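Me: I would like to go through this structure with you before I set anything up. Shall we take it piece by piece?

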Amino acid sequence: MEDGRETAAMREKERRDRQIALENTDSDIGLCGWILVLFSILLTLLTLPLSIWMCIKIVKEYERAIIFRLGRILRGGAKGPGLFFILPCTDSFINVDMRTITFDIPPQEVLTKDSVTVSVDGVVYYRVQNATLAVANITNADAATRLLAQTTLRNVLGTKNLAEILSDREEIAHSMQSTLDDATDDWGIKVERVEIKDVKLPQQLQRAMAAEAEASREARAKVIAAEGEMNASRALKEASLVIAESPSALQLRYLQTLNTIAAEKNSTIIFPLPIDMMQSFLKH
């Protein structure tokens with residue numbers, strides 16, 4: 001735990017040092033550079049007020065501008081939001097969107113740890129945390145993050161078996177988010193969230209799993225039915241013992257059954273007679 005904290009602290013210190021170095025590079029433009037800057041300022045003053053429209057730039061609330069003076073990042077880092085000034089001949093700028101960006105990870109064919117091929121896709125939420133690093137350290141931060149997300153998804157899922165992929169999606173997403181965030185820290189990117197959208201299994205595996213689940217449900221149903229029969233037989237046994245102790249209880253049961261049959265409006269009513277009564281008639 002302590003080693004992880006020390007490593008994170010060292011990475012943060014290195015990132016800050018690189019950012020400071022990038023933001024303090026305009027002092028090294030040299031004598032010729034300063035001559036060109038002074039010439040640009042003089043030209044701007046001579047062409048006022050027309051040149052003012054080329055000097056004033058506006059960035060929106062969710063944007064930041066990285067200004068390059070003679071190819072070097074201007075001191076102070078990103079500018080904005082609002083108004084800022086540039087020199088027409090020596091300065092250029094790049095706008096960086098600071099809003100959260102989402103993209104879908106295309107379905108990836110992954111071989112799991114237990115040698116099952118599955119197709120998995122997901123979605124990633126990220127934003128630019130440091131505009132200076134996002135411009136100076138990488139050519140295209142968005143494309144690099146997309147490609148890194150695809151490879152990270154394949155690497156993480158390759159260490160899991162099928163049961164873990166189906167049941168531990170949150171843990172897999174958290175592991176991917178942590179890995180992506182560490183890898184994109186040098187690019188000024190903050191990965192906020194990663195979600196696993198869908199896990200597609202081969203058709204044969206789906207049929208096998210469906211058959212297994214159906215067999216399991218049938219087995220549970222048979223066990224429940226058997227338990228019900230056993231409980232019913234115990235209840236019938238207890239009822240027979242009660243009736244055996246009181247012969248009149250059997251007659252009451254006959255009458256109750258007759259009442260139930262009559263309530264259903266049947267055309268045929270069967271009235272059971274005691275066997276002892278029939279035997280007395282046969283003797284006469």
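**Helix α2 and beyond**

Reply: To begin, Ser40 is found in helix α2. Please bear in mind that this is a predicted model.

Me: Is Ser40 buried or exposed?

Reply: Ser40 is buried, because its relative accessible area is 0%, and buried means under 20%.

Me: Which residues does Ser40 touch, leaving aside those up to four places away in sequence?

Reply: On that basis, Ser40 touches Leu87, Pro88, Cys89 and Thr90.

Me: And where is Ile41 found?

Reply: Ile41 is found in helix α2 too, which spans residues 30–46.

Me: Which residues make the nonpolar surface patch?

Reply: The patch is made by Leu38, Ile41, Leu45 and Leu48, and has an area of about 380 Å².

Me: Let us change topic to the strands. In what order do the 3 strands of the open sheet come?

Reply: The order is β3-β2-β5, with antiparallel pairing. The edge strands are β3 (72–73) and β5 (91–97), each of which pairs on one side only.

Me: How many bridges join β2 to β5?

Reply: There are 7 bridges between β2 and β5, and these strands run antiparallel. Within this pairing, Arg64 stands opposite Val96 in β5, and Phe68 stands opposite Ser92 in β5.

Me: What about β2 and β3, how many bridges join them?

Reply: β2 and β3 are joined by 2 bridges and also run antiparallel. Phe68 has Ile73 as its bridge partner in β3.

Me: Which residue takes a positive phi in the hairpin of β2 and β3?

Reply: That residue is Leu70, with a positive phi near 55°; the hairpin has 2 residues between the strands.

Me: How many of the 7 residues of β2 are buried?

Reply: In β2, 6 of the 7 residues are buried, so the strand is mostly covered.

Me: Now the largest nonpolar core. Which residues touch the most other members?

Reply: Val118 and Val124 do, in a core of 35 residues. Several elements each supply at least two residues of this core, including β2 (63–69), β6 (101–111), β7 (117–128), α5 (141–157) and β8 (189–200). The largest share, 6 residues, comes from α5.

Me: Which residues does Val124 touch, again not counting those up to four places away in sequence?

Reply: Val124 touches Ile101, Thr102, Phe103, Ile105, Ala149, Leu180, Val191, Arg193 and Val194. There is also a second, separate core of 6 residues, which includes Val59, Ala65, Phe84 and Ile86.

Me: Finally, some totals. How many helices and strands does the protein have?

Reply: The secondary structure comes to 10 helices and 8 strands.

Me: And what percentage of the residues count as buried?

Reply: Of the 284 residues of the protein, 27% count as buried. The protein exposes about 19,100 Å², of which carbon and sulfur atoms supply 58%.

Me: Among contacts between residues at least 6 apart in sequence, what percentage join residues at least 24 apart?

Reply: The figure is 69% of those contacts.

Technical notes: Residues are numbered from 1 along each chain as its sequence is written. This is a predicted model: local features need pLDDT of at least 70, side-chain atom pairs count only at pLDDT 80 or more; totals for chains, interfaces and linings use all residues. Side-chain values use heavy atoms; hydrogens and water are left out. A nonpolar core is a set of buried Ala, Val, Leu, Ile, Met, Phe, Trp, Tyr and Cys residues joined through side-chain atoms within 4.5 Å. Buried means under 20% relative accessible area, exposed over 50%, partly exposed in between (1.4 Å probe, protein chains only). Helices (H or I, at least four residues) and strands (E, at least two) are DSSP runs, numbered from the N terminus. Contact means heavy atoms within 4.5 Å. Patches are made of residues with over 30% relative accessible area and no salt bridge: like charges are joined within 9 Å, nonpolar side chains (Val, Leu, Ile, Met, Phe, Trp, Tyr) within 5 Å. Accessible areas come from the Shrake-Rupley method with a 1.4 Å probe; for residues, only the protein chains shown count as cover. A salt bridge is a side-chain nitrogen of Lys or Arg within 4 Å of a carboxyl oxygen of Asp or Glu. Two strands pair if DSSP finds at least two bridges between them.
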